[in-house]
Amino acid sequence: MATPSSATGIQWNLKDLYESIADPKLQKDMQEAQQRAKLFCEKYRGRIAAGPTAELLAKALEELESVSEQLDKPLIYAHLLHAAKTDDPRHGALLSKTREARTEANQYLIFFDLEWVSLDEAAARLLLNDDKLINWKHYLEVKRQLKPHYLSEPEEKLLDEKNNTGKAAFIRLFDETVAGLEFNFILEGKSEKQTLQQMLARLYDPQKEVRRAAAEGLTQGLQSSSKLLTYIFNNLLQDHHTDTRLRHFQGPMHSRNLANEITQESVDALMQAAERHQGMVERYYRLKAQLLGLPELHDYDRYAPLGADLPACNWPEARTMVEESYKAFSGEAGRIVGEFFKKNWIDAEPRPGKRGGAFSASTVPSCHPYILMSFTDKLRDVMTLAHELGHGLHQYVSRHVGYLQCDTPLTTAETASVFGEMLTFKRLMEKYIEPRVQLALLCSKIEDSFATVFRQVVLTRFEQQAHAARQAEGELTTERLNQLWMEANRPMHGTAVKLTEGYAWWWLYIGHFVHVPFYCYAYAFGDLLVLALYEQYRRTGESFVPKYMEMLTAGGSMSPPELVKKLGIDINQPSFWDQGLKLLDGMVTEAERLSRLMNN
């Protein structure tokens with residue numbers, strides 16, 4: 001039985017992409033893009049490696065951008081359909097068909113990158129400094145940095161074609177398996193079938209027995225599919241190792257760091273800074289146990305609301321709250337966010353078969369982003385909505401830089417989303433001025449930040465250990481992965497949170513491990529960066545707004561350090577991360593103050 005939600009009926013309208021699966025334009029785009037890709041190859045193959053003029057290279061990039069957008073549009077549409085209803089076989093079939101068509105067309109495009117990186121450095125630098133290529137300069141520079149990791153053209157074509165029945169197939173299997181899981185929620189002798197998202201939502205229930213029942217049901221449901229999910233993870237660990245070896249990356253994180261345009265030294269500094277401050281996590285959880293009146297805090301108690309002090313929030317209220325939060329910051333940002341609601345670019349109703357989690361898909365510049373989430377009338381869902389609309393805003397305003405550069409690295413992709421959360425949190429604190437409710441809101445925000453910073457570092461440590469163990473020990477059992485999961489989690493929770501035996505299985509549902517290895521540290525990066533940005537906004541006021549919007553508008557046309565430098569921030573300084581962590585520590589101190597105020 002589905003959990004009632006005021007967002008029932010809030011489904012996205014994908015007609016700005018295609019009318020339906022049967023839309024003749026979908027098939028036409030696939031066929032036409034295939035032909036255009038072939039003609040592109042015939043026109044430019046050999047001419048890039050021979051040393052093109054700036055005019056020729058600019059023309060080629062214009063055509064590549066256009067062809068790529070037309071190729072990807074059907075695939076993006078299929079991805080959105082499948083995410084919204086993974087148990088519809090038509091959606092799975094279309095996803096396979098569009099992936100295969102995209103791969104076939106890409107065989108004609110692979111040469112371009114290979115020829116560009118084959119140019120000697122002097123010739124490439126002359127082209128990069130030509131004003132005719134200014135619109136693609138960063139894109140071309142990033143491709144040059146990947147030069148040591150490209151293979152020969154036949155090898156690249158072979159790997160690309162085999163991906164559909166390899167990694168991509170296992171990712172789809174994971175998504176469909178997790179989305180199709182049913183969990184038994186058993187309370188007071190009554191059993192109720194729940195989806196993953198509904199079970200996770202119950203971990204936020206004010207009643208401990210409800211949280212405990214949800215945790216037990218979640219564990220049992222994951223155990224029932226642990227053999228398959230463990231096999232999928234093992235396969236993808238080994239697949240990643242094979243890619244790392246074949247492409248001569250320095251280690252399992254190297255490819256992700258290059259894509260994020262960040263060094264391993266910077267990642268290490270970020271993670272070590274978070275780990276140095278783990279004491280604040282224990283400190284907070286001890287406070288929370290006191291506030292809940294519990295002798296000890298279990299893992300399933302971490303997100304418990306403080307009694308009934310955190311009010312419910314329906315969909316219309318959430319819409320108003322988030323729209324007003326963005327509008328108060330920037331009229332333009334508020335207008336764009338409003339479009340998502342007015343034009344049905346959001347899919348928010350919970351339903352069976354829907355992919356878990358939340359995301360904002362940028363789609364293509366000729367269209368607009370779409371957001372997927374499951375709204376369960378909790379105030380925390382308002383923050384999720386604000387988060388995804390931050391992504392949507394970022395993706396919307398960066399479309400003008402073109403398809404090849406509109407998407408940002410993960411390191412800055414989380415900036416607008418977390419900043420949107422902060423704007424909404426500030427408005428919530430202004431709306432609810434009673435100390436008890438403010439404390440509940442503040443604790444919720446602290447827990448979100450802990451989940452975004454400390455927990456994501458824990459997830460990254462688990463991934464590091466899992467990748468290392470897979471290579472040293474061979475295929476890993478579920479029990480071995482459970483052990484690694486608990487070892488990664490214990491330092492963060494210390495003696496303040498008792499991790500139950502069932503918690504060892506909860507790594508099984510986390511999609512980031514499957515979709516994008518080492519994605520998770522980007523969340524910590526984004527959250528701590530935003531804390532610094534928000535502090536600057538608080539100090540400087542309105543003058544910050546145009547600079548911030550300009551940064552979003554740049555999309556991926558500049559590197560992350562260059563983008564934030566315009567706002568007076570140097571992320572290459574190892575001490576930078578301590579700034580955000582100190583601000584977070586200040587939030588914990590404020591929670592302690594509010595707690596004392598209530599007790600006086």
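**Salt bridges**

Guide: D113 and K143 form a salt bridge, with their closest N and O atoms 3.1 Å apart. D113 belongs to helix 4 (residues 110-118) and K143 to helix 6 (residues 137-145), so the pair ties together parts 30 residues apart in sequence. The model is predicted: local features need pLDDT of at least 70, side-chain atom pairs count only at pLDDT 80 or more, and totals for chains, interfaces and linings use all residues. Residues are numbered from 1 along each chain as its sequence is written, and side-chain values use heavy atoms, leaving out hydrogens and water.

Visitor: How many salt bridges does the structure hold?

Guide: Side chains of opposite charge can pair when their charged atoms come close. A salt bridge is a side-chain nitrogen of Lys or Arg within 4 Å of a carboxyl oxygen of Asp or Glu. The number of salt bridges in the structure is 38.

Visitor: Is D88 buried or exposed?

Guide: D88 meets R90 in a salt bridge, at 2.9 Å from N to O. Buried means under 20% relative accessible area, exposed over 50%, and partly exposed in between (1.4 Å probe, protein chains only). R90, at 53%, is exposed. D88 has 15% relative accessibility, so D88 counts as buried.

Visitor: In which helix does R427 lie?

Guide: Helices (H or I, at least four residues) are DSSP runs, numbered from the N terminus. The side chains of R427 and E324 meet in a salt bridge at 3.5 Å, N to O. E324 lies in helix 15 (residues 315-329), and R427 lies in helix 19 (residues 415-431).

Key. Helix = DSSP H or I, 4+ residues; strand = E, 2+ residues; numbered from the N terminus.
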